[in-house]
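Trainee: Could you take me through this structure one feature after another, with the general idea before each case?
Mentor: Gladly; let us look at it together.

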Amino acid sequence: MVTYIEHPFIRKDSIEARLYQQLLAGDVLKKGNTMIVAPTALGKTIVAVLVASDRLEKVKNSKILILSPSKPLAIQHESSFKEFLTVPCTSITGAVKTDERVKRWEESQLISATPQTVESDLLNGRYSLKDVSLIVFDECHHAVGSYSYVYLASRYVKESKFNLVLGLTASPGSDKSKIKEVCENLFIQNIIVKSEDDDDVRPYFNPVKIDWVKVKMSEELEKIKESVNKALKIRLKGLKNMGVIKTVSVSKVDILKARGRVQNRIGRSANPPKECFQAISVLSAVINIQHSLELIETQGVSTFNKYISRLRKKKTKAAKSLLLDDNFGRAVRLAFDAERNGWEHPKLRKLTNILKKELSADSKQTKLQSTRYVKNIDENSSKIIVFTQYRDTLEMIHNKLEKEGIKSAKFFGQAAKDGEKGLTQKEQKNIIKSFKKGEFDVLISTSVAEEGIDIPAVDLVILYEPVPSEVRMIQRRGRTGRKRTGRVKVLITEGTRDEGYYWSSIRKEDRMRHQLIDPKVIEELNKTAVERMENEKKVRVLDRKVETSNKPVVYADSREGNSKVIRHLTEMEMDVKVRPMAVGDYQVSDDVAIERKTAKDFVDSIMDKRLFKQATELREEFKNPLIILEGDDFYNGFINPNAVRGSIASIALDFGISIIPTRNAQDTAAMIKRIAIREQTGDKPHIQTRTDKKPVNMWEQQLFIVESLPNIGPVNAKKLLEHFGTVSKIINASENELMEVEGIGKKTAKNIRKVVDSKYLHFQSEIKDKKLI
């Protein structure tokens with residue numbers, strides 16, 4: 001007999017009482033901030049529901065925040081929690097308008113959201129986390145680097161008096177440093193690892209059977225591979241003779257490291273040797289060749305040929321020399337002939353045979369069910385997903401299946417590639433909906449369907465190639481076995497990097513499990529988390545609803561919304577206002593705007609000629625523009641260091657723009673804070689941010705001049721001009737005359753007269769008068 005969870009906030013007969021899920025929830029509530037590592041079908045969402053219901057009961061009138069890395073997943077969680085909980089539930093994503101987001105936050109107790117949206121709202125002071133008693137970080141392995149999860153966890157610990165963090169993931173990764181980073185960023189004190197092999201889980205878990213499906217390379221592919229290998233060996237020998245590498249037996253990682261060393265050498269030298277630039281070109285060619293080999297071994301000639309087509313469009317020296325190489329050229333010709341003759345990778349034929357066999361068996365089962373009157377046959381029929389790493393291969397597989405009479409649909413991301421538009425979110429939803437209804441037999445997907453897509457009852461997952469990432473392997477495997485026994489088939493080309501990638505993912509998964517259950521690791525995490533939480537709580541977060549007039553104000557461009565700089569500024573008790581800005585990234589006064597350039601952005605802006613255009617606009621719009629150069633690796637790109645030095649010299653001398661170096665985002669924030677304090681100390685007028693560039697029409701210029709007066713915005717500027725008729729009459733008007741205009745009070749009129757009548761002081765004299773120096 002099935003028993004159900006009984007709780008005042010859980011709907012009656014909605015959650016089956018499974019002991020292991022109740023124990024997991026109890027562990028979280030007892031031990032504090034916890035990361036649960038468990039397979040996809042084990043029911044981590046149910047554990048989150050149980051923890052959430054307890055927090056809602058214990059912490060009266062509190063809120064629960066569920067964070068997910070994608071919009072579809074956030075909406076999916078909203079639906080799940082509505083199904084189980086009796087409290088008002090909603091979702092907040094970037095697709096929801098600002099006012100509606102605030103309304104949903106205020107009216108709901110459980111909010112499912114994307115982290116970027118919540119971060120933006122917090123930075124703009126639309127709501128706070130002080131009433132949140134639990135944050136659930138779904139797919140918590142994303143909590144690294146500058147991802148929004150990191151900032152939100154830190155902000156939560158500072159703002160909430162009764163905080164609890166629950167991280168959910170199928171795999172946080174095998175790298176010990178990454179696991180530690182995720183745990184530190186989310187203040188994790190406890191890790192729980194559950195698997196399908198655990199005694200308390202096994203009765204509820206559908207096993208997943210994994211089959212290797214080995215294929216041999218065809219003679220045609222071997223010939224193409226041989227020619228590509230010859231082109232590779234020649235270049236590797238050249239690099240060895242130049243002293244760039246020690247051996248010709250190198251991996252892709254070794255080549256990338258070698259390129260980094262050469263780039264560092266170029267950056268350190270005032271006049272780099274020509275050999276360095278030659279080495280960079282050869283290394284770039286080697287990277288192209290290694291990628292070509294991977295496509296030949298694991299994908300097929302069609303994917304290889306499309307890559308060559310893109311390579312022909314490149315104008316780099318490395319690409320041109322490679323296409324002129326005799327050996328590589330021979331490989332290109334052989335691949336072209338192979339595709340023209342219909343010779344493809346053996347994997348494609350093997351995949352087609354597997355699908356025909358599966359769908360034939362499924363067809364027989366469907367007929368059997370129909371004779372027994374099974375309701376909704378489509379829901380009971382098998383569903384198959386084929387994963388592939390490349391969109392070109394996806395297209396190839398789709399075309400092949402269509403020719404074989406197998407109904408299939410392509411499923412990929414929203415980004416455009418080589419002129420082909422990505423799928424919109426609506427298109428993705430429609431494809432999944434059709435797949436659920438059984439309108440086609442096979443879903444062919446790139447990595448976009450690895451996590452966060454609601455695809456129930458997938459019986460077979462086929463990997464066209466193994467991937468070396470244990471996280472991605474676990475995510476792909478987790479798409480099957482949800483409602484019945486699952487199966488995974490991995491296509492592997494014998495004697496190629498396919499085998500290496502497969503074993504690499506297996507080893508990494510084993511290493512991950514070992515590290516996660518190490519008691520020393522748990523003890524260290526607990527100690528670190530407690531210390532970090534205590535330190536974070538000492539930092540007060542500025543509440544926008546409290547009077548902020550005595551706080552330094554920084555206006556930030558909306559495009560900087562996800563940068564670490566804004567996060568650090570808020571931590572430094574700055575009043576940060578995010579606005580769309582026409583020029584600059586930050587503005588701290590009417591005269592001072594700041595353009596922030598990281599090393600990569602600075603080099604890119606030189607190459608695409610944005611830099612001098614931006615400098616011109618800064619100089620035209622602001623009296624004292626600044627450029628912050630953040631980082632210390634400005635000479636590590638493919639551009640000659642003298643070009644970088646020349647650009648810096650031109651910005652300073654030709655444009656008269658001061659350049660300030662900073663080490664990192666935190667240092668940049670500290671510098672902006674110091675500049676803001678300097679500019680805003682004393683009786684300074686309200687900052688007028690430039691959302692548009694300087695006007696060109698006469699009436700626009702008149703409005704622009706009047707808007708520059710203290711406390712005058714676009715509306716009052718128009719009223720003043722309509723009342724007085726000309727700018728000169730406004731300037732010459734007395735306080736009483738100014739106050740005749742609706743919206744102009746005594747204080748504003750007084751400030752306008754003060755600015756107009758006061759004697760001009762050089763800024764150094766003004767600073768001395770204020771005793772700032």
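Mentor: We begin with strands and their pairing: helices (H or I, at least four residues) and strands (E, at least two) are DSSP runs, numbered from the N terminus, and two strands pair if DSSP finds at least two bridges between them. This is a predicted model, in which local features need pLDDT of at least 70, side-chain atom pairs count only at pLDDT 80 or more, and totals for chains, interfaces and linings use all residues. Residues are numbered from 1 along each chain as its sequence is written, and side-chain values use heavy atoms, with hydrogens and water left out.

Trainee: What is the order of the strands in the open sheet of 6 strands?
Mentor: Strands of a sheet pair through backbone hydrogen bonds, either parallel or antiparallel. Here the order is β15-β14-β16-β17-β18-β19, and the pairing is mixed. Because β15 (575-579) and β19 (658-662) each have a single partner strand, they stand at the edges, and one side of each is left without a neighbour in the sheet. Within this sheet, β14 (residues 553-557) and β16 (residues 586-587) pair in the antiparallel sense over 2 bridges, and Tyr555 has Gln587 in β16 as its bridge partner.

Trainee: Which strands are joined to β13 by bridges?
Mentor: Strand β8 (residues 208-215) runs parallel to β13 and is joined to it by 8 bridges, with Ile492 of β13 as the bridge partner of Lys214. Strand β12 (residues 460-463) is also parallel to β13, through 4 bridges, and there Leu463 has Val490 as its bridge partner. Strand β13 itself (residues 486-493) is mostly covered, since 7 of its 8 residues are buried (buried means under 20% relative accessible area, exposed over 50%, partly exposed in between, with a 1.4 Å probe and protein chains only).

Trainee: Is Glu358 buried or exposed?
Mentor: Glu358, which lies in helix α14 (residues 346-371), is buried, with a relative accessible area of 17%. Leaving aside its neighbours within four places in sequence, Glu358 is in contact (heavy atoms within 4.5 Å) with Ile384, Leu460, Arg487 and Lys489.

Trainee: At what angle do the axes of α8 and α10 cross?
Mentor: Two packed helices are described by the angle between their axes and the distance between the axes. Axes are lines fitted to C-alpha atoms, for helices over the stretch in contact, and angles run from 0 to 180 degrees between N-to-C directions. The axes of α8 (residues 219-241) and α10 (residues 274-298) come within 10 Å and cross at roughly 160 degrees. That makes α8 roughly antiparallel to α10 (angles under 35 degrees count as roughly parallel, over 145 as roughly antiparallel, 65 to 115 as roughly perpendicular and the rest as oblique).
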